[in-house]
Each structure stands twice: as C-alpha cells, then as structure tokens.
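Subject: Structure handover

Dear colleague,

I am passing on the structure we discussed, together with notes on what came out of it. Please look at it first and then read on.

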There are 4 protein chains.
Amino acid sequence: MKEDTKMNIMTKATKLFAQKGFSETSISQIAKKANVGKGTIYWHFDSKEDLFFSIIKQKGKAFFDSVIKLKDSNKEPQEIIHEYIIKRVEFSDNNYDVAKMLINNNEMINRDFKEVIEKKHLEVLKVIENTIQKGIKTGVFREGNPHEYALMIINTANSANIFKDHGLKDSTEKSKAEKIFEFIMNGLKGKEDRNAEK
Amino acid sequence: MKEDTKMNIMTKATKLFAQKGFSETSISQIAKKANVGKGTIYWHFDSKEDLFFSIIKQKGKAFFDSVIKLKDSNKEPQEIIHEYIIKRVEFSDNNYDVAKMLINNNEMINRDFKEVIEKKHLEVLKVIENTIQKGIKTGVFREGNPHEYALMIINTANSANIFKDHGLKDSTEKSKAEKIFEFIMNGLKGKEDRNAEK
Amino acid sequence: MKEDTKMNIMTKATKLFAQKGFSETSISQIAKKANVGKGTIYWHFDSKEDLFFSIIKQKGKAFFDSVIKLKDSNKEPQEIIHEYIIKRVEFSDNNYDVAKMLINNNEMINRDFKEVIEKKHLEVLKVIENTIQKGIKTGVFREGNPHEYALMIINTANSANIFKDHGLKDSTEKSKAEKIFEFIMNGLKGKEDRNAEK
Amino acid sequence: MKEDTKMNIMTKATKLFAQKGFSETSISQIAKKANVGKGTIYWHFDSKEDLFFSIIKQKGKAFFDSVIKLKDSNKEPQEIIHEYIIKRVEFSDNNYDVAKMLINNNEMINRDFKEVIEKKHLEVLKVIENTIQKGIKTGVFREGNPHEYALMIINTANSANIFKDHGLKDSTEKSKAEKIFEFIMNGLKGKEDRNAEK
DNA sequence: AATGAATGAGGGTTCATTCAT
DNA sequence: GATGAATGAACCCTCATTCAT
C-alpha cells in the first residue's frame, strides 16, 4: 500500500527530528531508519522541509482542532481551561518535539507554512480569550485583560515541555496537568495574604 | 584592539544564532556580519561550538549569578520571587536566544558544557525552592511542595521568551514582569470563587 | 557501471598521488582528473585516506602475494632471488609511487594500516631470509647472517624506484632486473682481487 | 645575535620536517617549537619553501661537498668507494629526512632548486664513475659499464635510509657502513660458485 | 513506485602569508 | 628585528537533490 510507505517515512522521520532537530537529521538517516531508498522519500515529499512540515501539520492539526473544538462545548469556563491544559500536556507528552517546533518561530520555517501555523495559534488564543472573558463576566475569573490572561495561560501551559524535563513526577493524587491547572487558577499566594487583600 | 574584534564577533554571532539557531547559522555569515575574515573567528575561538558556548557562558553567567546572589539577600520571599521574575524577563528581553538555548537541551550541546549549565540551573532552582519554603512557613505562600512550586514558577518565568513573541505590549500601568509576577502570585481565579473556597 | 567509476577514480588518483604525494594531491584535483563530482569520490570511498589506502592495498597485495608465493616453489635459491628482483623491478616500473609509499613510513599512515603493511613486509623478508639460509647451506651463497643479507637485498631491490629516475637504460644485452640481480650476486670486486682473497 | 635566531629556526624546522614531512609541518608549529613569532620566520625566510630549501642546501651542501672532495684524494678506488659509503650512511643517520628529500624528486620542489640539486647529484655520480673506471683499469673492480655501476652503488647506498628503519643492528665486528660496503664489493654469491665461474 | 549512484553548493576548518605596531 | 592578529584561498567533507534505471 502506498500510504504505508509514506506513513512509515513520517513515523521514522518524526522520531529522528525529535531526537536531533531538523538540521541535524539527514535524509539518509531517515531513509535508512525507514528502510527505503533516498529517492523514495523524494517521491513522497517534495523536499526535506516538506516532509518536516507534513509531520507538523499532521500532528499539530489534531491538537489544534481538538482545542478549537472546545469553543463549541457548553462547558463552564473553568472546565474549558482545564481541558485545554490536559490537551496541551498530553500534546507535549506525546509529541515533545513537534510541540517545541510549533512554539518556537524558527527562521527555517518558510513563510507560507508560518502563516498556517500562526492562524491556528490565533484561533486557539481566541478560544482561551473568549473563555476567560465569559469567566470574568460570571465572576469565576479575576478582573483583567482577557487577551493578556490568555497569552499567559498559553505560555504557562507551553512550559509543559520544559516541565517534563525537570522531572516533576506525578504523585498519586494529582497529575501534571492537574498541578499546572491549579497553579494557573490559584497562584502561589497564601490564604493569609489573600484575606489581607480584601 | 583585540577585545574589540572578539566582542564584535560575539555580538554579531549572538544576533545570528538567535535568528536562525546554531545549525542554520554559518561561520561565513557571522564573518560577513562582523566584517572580519573567516579565519579571524578561528583566531579567537576554537570552533563554531566554542563560539556558541562562549556566548552562552558570557551572557548566561551574569544572569545566573545575579539570581543566585538573591539567596544572600534579607528580602521577604515575595520580594525575592519578584526580583527573580524581573531578572528573568530582562534576560529574555536582552538575550532572547541565549535564554532559549539555556532552556532547551539541544542535542548538539556537549556533555561537559551541559553539566555546567545543569549545575547553575539547580542552584537557581534551590534559591527559589528555599524562598518558597520560607514563604510557606510564614504563611505568605500557599501550602504545597516547594520543589514543585519552584519548578512551576521557573517554567512559567521561562515562558517569558515566548511571551514576548506574542506581543503582550506593556501597558502604562504594569510592566511585563509585573504581570507575570501577579499571575504567579494570584492565578486566574476570581474573588467570588476564592471566598467560596474558604 | 559502478566498478567503472570506482576504478576510474583509483586510476586517476594513483597517477596524482604518484606525482605529488598524498598531502599535495587534493580531492578536487582527483575529481577533475576523473571527470566526476567531488561527492562521487566520497560515495565510493570514506575519505581521502581511504582512497589512498585502497589503492595501496589493491596494487600492493598483488605484488606481495606473488612474492610470498615464491616460498612454495621448488626453485633453487638463486632462482628465487632472481624472480624476486624481477617482480620488484616490475612493481616499481608499473606502480612507481605505490611502491614508494610502501617503502617510506609516512607519518600520516594510520596504525591499523601500517600493521597490515608491516606484516606483509615481514612475510617477504622471511621468504628471502629462508631462501638465503638454504643457499648458504648448499654453498651457493656466501657465509653470513641471512637476516642481514635479506634486508640488504630487499633494500637494494627497493632502490629500483630511484634507479629508474636516473635513467639506467636497458641495453640490448641485459634488462634492469638482470643487472640488479648480477650486482647483488657478484658485487663490484674484480676477479684479481677475489683470487687474492682465497 | 641574528644568526642565533635563524639557526634556531632552522634546527627546529629540520626536526619537524623530518618527523612529519613538508606538507604536514606548519609554520605555526615551527614558530612554537623555536619560541619565536610566526612573523619572525618570515623575516628570516621568504616562505615556507625557502626555509625548507635553506635547510636542505645547508645540510646537503656539507654532504655533497665532502663527497665531491674525494675526487682530489690520492686514495685507492676501493678506499674512495669505502669513504663514500661511510659518508652516505652518516648522512642518513644524522639527517634522515633531508637525505630522503634529496633522493625523491618531489613535485613541490621548484625548478630552480631542482637544478641545483641535480647538478650536485651529477657531480657525485661523476666522482663515483671515475673512481670505478680507474678501478676497472687496475683490475680491482669487475669489468662493466662504470656509469651503470656508479648508479647502482649510489642507489644501494641510498637505501641506507630504509636500511636504518629495518633495524639492522650494528654488531661489534662491523658497522652498518662496513656491511653495505662489503655487500657492494662482494655480492651474495658463495665461493664455491665463484670458483666454478673461473 | 522505488532505487541509489552521482552531483556540487556550501559547510567548518586550516594555514601560509601580510602588516601595523 | 620581532610580533601576532587578521586574512582568504583552499582544503576535506556532508548532504539535499536529481535522474537513469
């Protein structure tokens, strides 16, 4: 089957790109790992960049779409943020390097591709932003600029990648996502201090 | 003057490494940007890697040391966290890509160098951790695992890099650091909700 | 045909290495002479060293093996020395520089390769040495240390390379090999003197 | 003293050229070994080649001149050949690589220099040739072509270089030169055989 | 569809040479 | 006389890409 070969190449390429980055991964290495000739890769993909982008598109689309779909749910704002965190952490767990690529705006990414990604990013941002706006209105979220909050949440959630490296083990009580969510919700400040604030 | 040439190379190299990453930046490009011959770079640095590491070491040391020095201050926990955020944001503002390099464990980084960086990271982590422990004791910080909190704060602060890209403009009222600090302290949850919690 | 390209490269490289030595011959020159791209050389050989060694191995093996095979012949000692000289002269005639490389211990030759060559050299030495020992026993060769004689014969024969440069033209009567053989056998001393010796 | 610096450079350069050859020895290495700046070498010598040739000229001249002087001696032919061998062996012992350079016609040697060397070579050849001619006339040397004999003797003596590598240790009785001389004089053939010849 | 030999632009690096000091 | 920072041509080698099979 045609798709088999293509998928095989993508799978193996993903592993290599994740391990060593785009530049340090060669077509030869991918070909060897995938047990195909170098020419075969060029039959399925226009270029090394095309292969790389195909992977990001494939893996990224699932994540982005699942997040964007949240806007159509009837869930409470807090629940939506919660689910976003879960999805974001899962994405980093399963596609560490793809996630990394999507966050950093590497120069090697060509313009056309960048636009596509940027659009998706903005859609996600909008979902979070709207959610926060709704939450502020209903009083479940603190007053403030929804756009700024959205960016901060996304950025905090983006740190899931690095989070992982620093070995925050999941205790039995709460998962990594749970901890991030709670931190985003409540911050560090103690109750004493909060009471004083009032 | 000798130092002038070396510094010039480092400055221009930093800009290029920041724009395109290590692999995608060539010695020729750096030489051209710095207006020196390719050989001149090799007079001042042993290799491309050496140049790269020299930059990270130079810029990174100042940041790390200034943060580690915080442990000797008599300031209140909240104030220390506050200063850390300020320093971290400044670091990202002034050395965007150096900061990025220090966060990501790129494969190409050699072992010896990695160890040095890791040690610095752990020192910083310890400073934050101890600060939080003290804060929890005095009730200014929420109960919880200081180590986990420290990691989350650092990771959140690490996101300052990405933060910047997404154009969170500094309004007149509060600087970027201020906003991150407040977010870390208070989280997103509204007061209504907090009262309910009690 | 694959072998054609590889052989072509080796042939042209041999000519260049012979003319200018290893260091002074560049891959670009070889590629140009062989009418192939630089990359093609690296498809067929791991490195410039590998190409160089491949040539020596290929050409050297034939010579060494043909000499070592002499030990299994039933020929008289004199005849074996005779044949060795012929083969040695032929080798220098046909592969002047390969022969030169095999004699000189160039510093750049790596250890593993040197060992292989050294072993072959010792095998040849042993063949000559045993032949001389037999000849001394039967009285056809002068008394003396067979090992030392063998070394001297080989070294004298090695001079076939330089011999050639100095233009000792082959007269009608005797070939170059014949003259070397006779010189090795009889030396320079006149008969008068020899009689006196007795 | 000026000469001191120049001589120091030449001495250290000789050692390095001998160890690693012309191409593999760099001006930097020589400068370091001689404890002078790279510029200093270029003050005393026009180029790397010039330094190399200066060394060969200096060391080679002494050898060539001492050999050529033999023609003015009143010694017997045998004695002259004997002294030539001694001088040749000494030259290889003391200036292994200089001797090697003088034998091989490396392409890197420029035309002008080659001519000078070639002339010296021919002068030496003439000395040996004339000596042999005289010896043949007086019957101490075998009949034959003096020119060819001269070349063979020189080439055999040239092998002193390689001779050395193969570790022909000097026994108490005879020095390396003595053995080469005897071999040149008498050859390998046994007395039995010689008697038969008569 | 698939292959892999061939290509050449470009990469990092070395080093003989120059020149201001 | 002496220095060493600076230079750039040339080196070895890699690798994305092509194309005949």
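Predicted model: local features only at pLDDT ≥ 70, side-chain atom pairs only at ≥ 80, totals over all residues.

Chain A

Chain A has 11 helices and zero strands, so its pattern along the sequence reads α-α-α-α-α-α-α-α-α-α-α. Of its 198 residues, 52% count as buried. Among the contacts in chain A between residues at least 6 apart in sequence, 63% link residues that are at least 24 apart.

The nonpolar core

The largest nonpolar core contains 58 residues, and L51(C), Y84(C), I85(C) and I153(C) have the most contacts inside it. In chain C, at least two core residues come from each of α1 (2–24), α2 (27–34), α4 (48–68), α5 (77–94), α6 (96–103), α7 (111–137), α8 (146–158) and α10 (176–186). The biggest contribution is that of α4(C), with nine residues. Both domain 1 (1–45) and domain 2 (49–197) of chain C take part, each with at least three residues.

Leaving out residues up to four places away in sequence, L51(C) touches I9(C), M10(C), A13(C), F17(C), I30(C), I41(C) and F45(C).

DNA strand E

There are 31 residues around DNA strand E, and those that come nearest are T40(A), Y42(B), T40(C), W43(C) and H44(C).

- A polar backbone atom of G39(A) is 3.3 Å from a base nitrogen of DNA strand E.
- A polar backbone atom of T25(B) is 3.4 Å from a phosphate oxygen of DNA strand E.
- An N or O atom in the side chain of K38(D) is 3.2 Å from a base oxygen of DNA strand E.

Two or more residues of the surface near DNA strand E are given by each of these elements: α1 (2–24) and α3 (38–44) of chain A, and α3 (38–44) of chain B, of chain C and of chain D. By residue type, this surface divides into 16 polar, eight nonpolar and seven charged residues.

Single residues

Is T131(A) buried or exposed? T131(A) has a relative accessible area of 6%, and because that is under 20% it counts as buried. T131(A) sits in helix α7 (residues 111–137) of chain A. Apart from neighbours within four places in sequence, T131(A) is in contact with P77(A), I80(A), I81(A) and F141(A).

T14(B) is placed in helix α1 (residues 2–24) of chain B. The relative accessible area of T14(B) is 16%, so T14(B) is also under the 20% cut-off and is buried. Its contacts, with neighbours within four places in sequence set aside, are I55(B) and V98(B).

K6(C) belongs to helix α1 of chain C. With a relative accessible area of 26%, K6(C) is partly exposed, because this value lies between the 20% and 50% limits. Not counting residues up to four places away in sequence, K6(C) touches H44(C) and F45(C). K6(C) and K32(C) are 26 residues apart in sequence, and their C-alpha atoms are 14 Å apart in space.

Regards

Notes. Residues numbered from 1 in each chain as written. Chains lettered and ligands numbered in written order. Heavy atoms only, no water. Core = buried A, V, L, I, M, F, W, Y, C linked by side-chain atoms within 4.5 Å. Buried < 20%, exposed > 50% of the residue type's maximum accessible area, 1.4 Å probe, protein only. Helix = DSSP H or I, 4+ residues; strand = E, 2+ residues; numbered from the N terminus. Domains from an automatic or database assignment. Contact = heavy atoms within 4.5 Å. Near = heavy atom within 4 Å. Polar contact = N/O pair within 3.5 Å; in protein donor to acceptor, adjacent residues only side chain to side chain. Nonpolar A, V, L, I, M, F, W, Y, C, P; charged D, E, K, R; others polar.
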